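Me: I am new to this structure and would like a close look at one part of it. Please start with the overall division and then go into detail.

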Amino acid sequence: MAGADPQALKDTLLAAIGAASTPDALEAIRIEALGKKGELTQAMKSLGQLEGEARREMGQALNAVKDAVTHALESRRSDLAMAELNKRLEEEKVDVSLSHRPETQGVIHPLSRTLEEILAIFAEMGFVVAEGPDIESDYYNFTALNMPEDHPARQEHDTFYMTPNSEGMRKVLRTHTSPVQIRTMEKMKPPIRIIAPGRTYRSDHDATHSPMFHQCEGLVIGDGITMGHLKGCLIEFCRAFFDVDDLPVRFRPSYFPFTEPSAEVDIGCNRDGGGLTIGAGADWLEILGCGMVNPRVLEYCGIDPNAHQGFAFGMGLERLAMLKYGIPDLRPFYDSDLRWMRHYGFMPFDPPSVHLGL
Ligand code: DAH
């Protein structure tokens, strides 16, 4: 071995390393070169047969080969490991968005869908979402909305009362989302543009009423806000929501303690032939309440009615969902019956978008 040719040895080994296609093949090459009986080990052992300068030179050359081979082995090993990992990643690819049990694939509840659509429309108009608690104080649910203790409108809400606390204060399950108006005006300075969806409760139960239902409240406060802004905003909303460009929208005078003047909004519909079609026709359907925020409500919230004014509106989500999607009965909304869900539900991967039409 004293006559080993370090350059030739290096070339052979590096070529073999480059050609090795598995970690096992690489390990075999390592043993062949650097193992106890390996070629390089043997060459190093036989250095003793050389003398002086020749021994020093050969020693250096063999060390350089050993370094080069060790380095090549390491880098080839990590290349192979990376290739192996990539191959596994490719083969074992899992689509985490797929249902693992296709037979039970979920759908979006029509109520969630309706809310998503409403939020999409108002978001485009620059509204932000606000929230408030389901268990509300008498003050926020009634008093600050201009319904003092003895106000007859209180009787119209079939209110659920909580057990009074030690001071005799009884909270209520909010009968509407309007208290979120008050909470918002207390916290935010005008301009305000919020939409407040949520659960509401009234002691009422039949085919079109549930003790728990959902409403969506809207509130706009600013300078110089008029009934014209209210009308423009809500006409636009109705036409976008029902996806009927020329949908007739009517503002009928009404009364709510927290708005002055107040109106109810009707949309055109047709009952010809027993069915119900939304759009121009002989009939009207009431879909929401609205009005200019009563100056007394602004005062309750510390807003100067001479400096700011605004409008508010409230709508029942179940009613809107039933009208838009032709759902005849309210009760199955809360039954979690999969057959009903499959019939009225929506694809989770197809969220509503205003520009594609709702
Ligand atoms: N809170 C009313 C209800 O539950 C709905 C409503 C009407 C809300 C007019 C408003 C409004 O903000 O301006 O029947």
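How many Å separate the centres of domain 1 and domain 2, taken over C-alpha atoms?

Reply: The model is predicted. The centres of domain 1 and domain 2, taken over C-alpha atoms, are separated by 78 Å. Domain 1 covers residues 6-92, and domain 2 covers 110-344.

Strand S10 (residues 309-316) has two antiparallel partners described here. Strand S5 (residues 212-222) is joined to S10 by 8 bridges, with Glu-217 opposite Gly-314. Strand S9 (residues 283-293) is joined to S10 by 5 bridges, and on that side Met-292 stands opposite Phe-311.

Next come some points of backbone geometry. Most residues other than glycine have a negative phi, and most peptide bonds are trans. Pro-190 and Pro-191 are joined by a cis peptide bond with omega about 5°; Pro-191 sits in the loop between helix H8 (179-187) and strand S4 (192-201). Another cis peptide bond links Glu-260 to Pro-261, with omega about 0°, and Pro-261 belongs to strand S7 (residues 259-270).

Positive phi values occur at Asp-243, near 55°, and at Ser-336, about 55°. Asp-243 is in the loop between helix H9 (227-242) and strand S6 (249-256). Its relative accessible area is 43%, so Asp-243 counts as partly exposed. Ser-336 is in the loop between helix H11 (317-325) and helix H12 (338-344). Ser-336 counts as exposed because its relative accessibility is 66%, and the cut-off for exposed is over 50%.

Notes: Residues are numbered from 1 along each chain as its sequence is written. This is a predicted model: local features need pLDDT of at least 70, side-chain atom pairs count only at pLDDT 80 or more; totals for chains, interfaces and linings use all residues. Side-chain values use heavy atoms; hydrogens and water are left out. Two strands pair if DSSP finds at least two bridges between them. Helices (H or I, at least four residues) and strands (E, at least two) are DSSP runs, numbered from the N terminus. Domain bounds come from an automatic or database domain assignment. Buried means under 20% relative accessible area, exposed over 50%, partly exposed in between (1.4 Å probe, protein chains only).
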